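Here is a chain to look at, followed by some questions about the words used to describe it. Each answer sets a value against a rule.

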Amino acid sequence: MAFNNNKGELLFPYDIIDVDPEINTELLRDFTGEKTGFVQVGPKKYFFPSKFREASYHLYNFQSRPSDVYVATFPRSGTTWTQELVWMIANDLNYDKATAEPLTKRFPFFEFCVFMHEQTKQELLLENQDSLEKQNFVELVSTPGYDFLPDITEQRFIKTHLPFSLLPPSVMECKSKVIYVARNPKDVAVSYYYLNKLYRTQGYINTFEKYWDYFEKNLNPWMPYWSHLKEGWEHRNHPNVLFMFYEDMNKDLPATIRKVANFLKKNLTDEEVTKLTSYLSIENFKHNTSVNQNELKEVRILNPNEEAFVRKGKTNLKGWQKEYTPEIIERVEKWMEINLKETDMRFPEY
């Protein structure tokens with residue numbers, strides 16, 4: 001590792017390059033939340049908005065703690081569900097606090113600042129000019145995780161979509177716990193498409209067919225998808241990492257609760273597992289105001305005309321077939337076949 005001699009901090013180890021200008025123009029037309037452009041990071045070309053360039057050094061030098069617990073996923077892989085599950089177990093099933101405080105506060109998003117372009121932020125502040133409280137909230141969610149997380153004195157719970165290679169080295173060095181969740185890309189792509197339409201920081205305005213074209217070419221944040229998952233898979237046997245498949249979580253939630261409890265060294269009775277299973281059931285989860293990001297909707301970060309943040313939460317959706325044309329289905333099957341040849345990772349059967 002290279003060090004900055006002035007501060008003794010790590011230099012960010014990867015090149016950050018601008019996306020091809022012609023492609024960037026096309027992306028900016030379809031993803032209206034970004035105003036400057038996009039970059040690709042390192043040899044795997046992880047894709048991010050332009051602000052990643054200025055944030056990369058600070059993200060990489062964030063000082064993790066042994067008590068920190070991370071939920072790390074590729075987007076739309078059951079992240080929010082896993083966050084609430086992990087937080088509840090680690091906090092001794094404190095339903096009162098879980099109900100009183102939104103998950104975004106209890107389990108902050110490490111790199112969200114990268115997606116809040118200054119121009120988009122100013123638009124949101126202007127739209128919320130009738131409420132100082134709402135403007136302050138916009139400022140709060142725009143604050144980099146590396147600025148406010150060091151001030152938290154209690155145990156920290158941190159959400160991230162960064163792949164292992166872009167996580168702060170301190171995460172693994174100090175033996176923080178990381179729960180990594182992977183999900184079949186057929187479901188991820190549809191759910192991520194709707195998320196990109198929902199979040200104005202992304203502001204996607206084109207069709208699913210066009211979105212799949214970007215997805216397949218790794219032109220969406222935190223992609224390449226396969227590189228991300230393979231890095232997670234490579235860490236599956238690390239003692240401080242718990243690797244799970246969303247499909248297994250969905251199939252047997254009580255077993256998942258017990259697995260996470262064991263990883264976090266917590267003991268739960270059968271009655272406690274049953275109650276938590278009910279609390280986390282998708283039907284109950286969709287109506288849980290502390291996890292469905294109403295606070296973001298109130299300040300217009302979420303587009304009110306799009307689907308809710310917590311959608312169907314199921315696997316092998318019959319619904320995704322209405323987004324996937326026969327031509328796209330053929331492409332996705334071939335794409336999966338090619339990439340799965342390069343790894344022994346296999347998604348559970350639906």
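Q: Which residues does Phe52 touch, leaving out those up to four places away in sequence?
A: In this predicted model, Phe52 touches Phe12, Ile16, Val39, Val41, Leu59, Val114, Leu162 and Leu166. These count as contacts because heavy atoms within 4.5 Å are what the term requires.

Q: What makes the group around Phe52 a nonpolar core?
A: A nonpolar core takes buried residues of kinds such as Phe, Tyr, Val and Leu, joined through side-chain atoms within 4.5 Å. The largest one here has 79 residues, and Phe48, Phe52, Phe215 and Tyr225 have the most contacts inside it. Helix 10 (residues 185–198) contributes eight residues, the most to this core. Apart from it lies another core of 34 residues, including Val69 and Phe157. As a general background, nonpolar side chains in soluble globular proteins tend to be buried together.

Q: Why is Asn218 called partly exposed?
A: Buried means under 20% and exposed means over 50%. Asn218 has a relative accessibility of 24%, so it is partly exposed.

Q: Why does Arg300 get the term partly exposed?
A: The relative accessible area of Arg300 is 41%, so it too falls in between and is partly exposed.

Q: Which peptide bond is cis, and where is its proline?
A: The bond that joins Met223 and Pro224 is cis, with omega about 15°. Pro224 is in the loop between helix 11 (208–216) and helix 12 (225–234). Most peptide bonds are trans.

Q: How do you know that strand 4 pairs with strand 5?
A: Pairing needs at least two bridges, and four join strand 4 to strand 5 (residues 46–49), so the two strands are paired. They run antiparallel, and Val41 has Tyr46 as its bridge partner. The two strands form a hairpin with four residues between them, and Gly42 in the turn has a positive phi of about 70°.

Definitions and conventions:
Residues are numbered from 1 along each chain as its sequence is written. This is a predicted model: local features need pLDDT of at least 70, side-chain atom pairs count only at pLDDT 80 or more; totals for chains, interfaces and linings use all residues. Side-chain values use heavy atoms; hydrogens and water are left out. Buried means under 20% relative accessible area, exposed over 50%, partly exposed in between (1.4 Å probe, protein chains only).
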